[in-house]
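Reader: I'd like a close look at one part of this chain, and then how that part sits in the rest of the fold. Could you walk me through it in one go, residue by residue where that helps?

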Amino acid sequence: MAISNLPMTTQKRYVAHYYLAVCLAAAQRAGHSAAALLAAAGLPQSWALEGAAPARLTPMELTQLIQGLWALTDDEFMGLGTAPCRRGTFALMIEFAARADTLGGFLRRCARFYSVLQPQLTVALVPTGSDDEDWMFRLHLDHRGRDREHLLQEFLLLLVQRSASWLVGQPLPYSRTSFDYPQP
């Protein structure tokens, strides 16, 4: 399953322009021009010019940028990890994890899959309270300075959340998020 086959909840422009900038920077660090990424993403070349891109992106435009990076780098980790992640890994993870009977089972399978196949990721579903209702999906990427803007880490969390929403047939809100780095 391609990420573009996941349902988009809206085509409103609410994704920060920041993500366009970090995608362009990631492409350039991988040896590709901004024009090459925009072409691979099917987005206007003018977006590479200062002030020409929209102030906010749609979720689909962000998806196109990420898929463009995947194509340019031939790496689902977009050259931001310590080792490449072969294209098709995410689709295989979905095939494996979607067989779970519960949402918690799905999240545990996601964590197990990436922990086994990508040693640069530490992923776990851990309880955060004394009851059985408060859990945290924890993800840490050993990127050794490659994911300076934390694009890959944030995108992986987004992928898991959107996939879980797709699986249960409704948007699943975050109750909270926390990161070990400052807000951009």
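Author: Let's start with Gln 161, which is found in helix α6, the stretch covering residues 151–168. Keep in mind that this is a predicted model. Is Gln 161 buried or exposed? Its relative accessible area is 17%, and buried means under 20%, so Gln 161 counts as buried. What does Gln 161 touch once its neighbours within four places in sequence are left aside? Look for Leu 172, Pro 173 and Tyr 174: Gln 161 is in contact with these residues.

Helix α6 also gives us a way over to another helix. Leu 156 falls inside the 151–168 range of α6, and its C-alpha atom is separated by 9.7 Å from that of Phe 90. Along the chain, Phe 90 and Leu 156 are 66 residues apart. Phe 90 has its place in helix α4, which runs over residues 89–97. With a relative accessible area of 3%, Phe 90 is buried.

Now step back from α4 into the loop that joins α3 (59–73) to α4, and you'll find Met 78 there. Met 78 is buried too, with a relative accessible area of 0%. Check its backbone while you're there: phi of Met 78 is near 60°, a positive value in a residue other than glycine.

Arg 144 is another residue to check for its backbone. Though not a glycine, Arg 144 has a positive phi of about 50°. You'll find Arg 144 in the loop between β4 (135–141) and α6, so this brings us back to the helix we began with. Is Arg 144 buried or exposed? Arg 144 has 68% relative accessibility and counts as exposed, whereas Met 78 is buried.

One more loop is worth a stop. Gln 45 has its place between α2 (34–41) and β2 (56–57). This glutamine is partly exposed, at a relative accessible area of 40%, while Gln 161 is buried. Which residues does Gln 45 touch, not counting those up to four places away in sequence? They are Ala 35, Leu 38 and Ala 39. For Ala 35 there's a distance as well: Gln 45 and Ala 35 are 5.9 Å apart, C-alpha to C-alpha, and ten residues apart in sequence.

Now for the whole chain. It has six helices and four strands, and from the N terminus on the elements run β-α-α-β-α-α-α-β-β-α. The radius of gyration is 16 Å, close to the 16 Å that the globule rule gives for 184 residues, so the chain is as compact as a globular protein of that length. The C-alpha trace spans about 50 × 35 × 35 Å along its principal axes. Of the 184 residues, 42% are buried. Among contacts with a separation of 6 or more, 56% are between residues 24 or more positions apart.

Finally, a word on the annotation. An unreviewed UniProt entry lists residues 31–184 as "domain: HTH-type transcriptional regulator AraC-type N-terminal". In the model, that span is 42% helix and 10% strand, and its end C-alpha atoms lie 24 Å apart.

Terms used
Residues numbered from 1 in each chain as written. Predicted model: local features only at pLDDT ≥ 70, side-chain atom pairs only at ≥ 80, totals over all residues. Heavy atoms only, no water. Helix = DSSP H or I, 4+ residues; strand = E, 2+ residues; numbered from the N terminus. Rg over C-alpha atoms; globule rule 2.2 N^0.38 Å. Buried < 20%, exposed > 50% of the residue type's maximum accessible area, 1.4 Å probe, protein only. Contact = heavy atoms within 4.5 Å. UniProt positions renumbered as here; feature names shortened; annotations may be inferred.
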